[in-house]
Amino acid sequence: MERGSCDSCGEVDCDDLLALHRLYVTPEAWDTDGSVTRVDEVERWCAACRANYPHEPAGAAS
Ligand SMILES: [Zn+2]
């Protein structure tokens, strides 16, 4: 765990940040398949953001 500010919501002085990659999830639609795009940049998120938004832990096998 790291201490600092959350890169997603901007909350400062978090003590439970985790390094991860943000995922952009595109829902399936009538004319397109759903897809998931992973952002290469590593961000650090607080627990609340990790609970609410899709992400992939940094360092995970791709
Ligand atoms: Zn946050």
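Modeller: Happy to; we will go through the metal site, the core, the aromatic rings and one backbone angle.
This is a predicted model, in which local features need pLDDT of at least 70, side-chain atom pairs count only at pLDDT 80 or more, and totals for chains, interfaces and linings use all residues. Residues are numbered from 1 along each chain as its sequence is written, and side-chain values use heavy atoms, with hydrogens and water left out.

Colleague: Which residues are the protein donors of the zinc ion?
Modeller: Donors are N, O and S atoms within 2.8 Å of the metal (3.2 Å for Na, K and Ca), and sites may look incomplete because water is not among the atoms. Here the donor atoms are SG atoms lying 2.3 to 2.4 Å from the zinc ion. They belong to Cys 6, Cys 9, Cys 46 and Cys 49.

Colleague: What is the geometry of the site of the zinc ion?
Modeller: Four donors count as tetrahedral if all angles lie between 85 and 135 degrees. The angles among the 4 donor atoms here are 105 to 115°. The site is therefore tetrahedral.

Colleague: How many residues apart in sequence are the parts that Cys 6 and Cys 49 tie together?
Modeller: Helices (H or I, at least four residues) and strands (E, at least two) are DSSP runs, numbered from the N terminus. Cys 6 lies in the loop between strand E1 (2–4) and strand E2 (14–26), while Cys 49 lies in helix H1 (residues 47–52), so the parts tied together are 43 residues apart.

Colleague: How are the rings of Trp 45 and Tyr 53 arranged, and what type of pair is it?
Modeller: Rings of Phe, Tyr and Trp (its six-membered ring) pair if their centres lie within 6.5 Å, with planes under 30 degrees apart counting as stacked, over 60 as edge-to-face and the rest as tilted. These two have centres 6.3 Å apart and planes at 85°, so the pair is edge-to-face.

Colleague: What is phi of Asp 13 near?
Modeller: Asp 13 lies in the loop between E1 and E2. Most residues other than glycine have a negative phi. For Asp 13 phi is positive, near 60°.

Definitions and conventions
Tetrahedral: all angles 85-135°; square planar, octahedral: opposite > 155°, others 65-115°.
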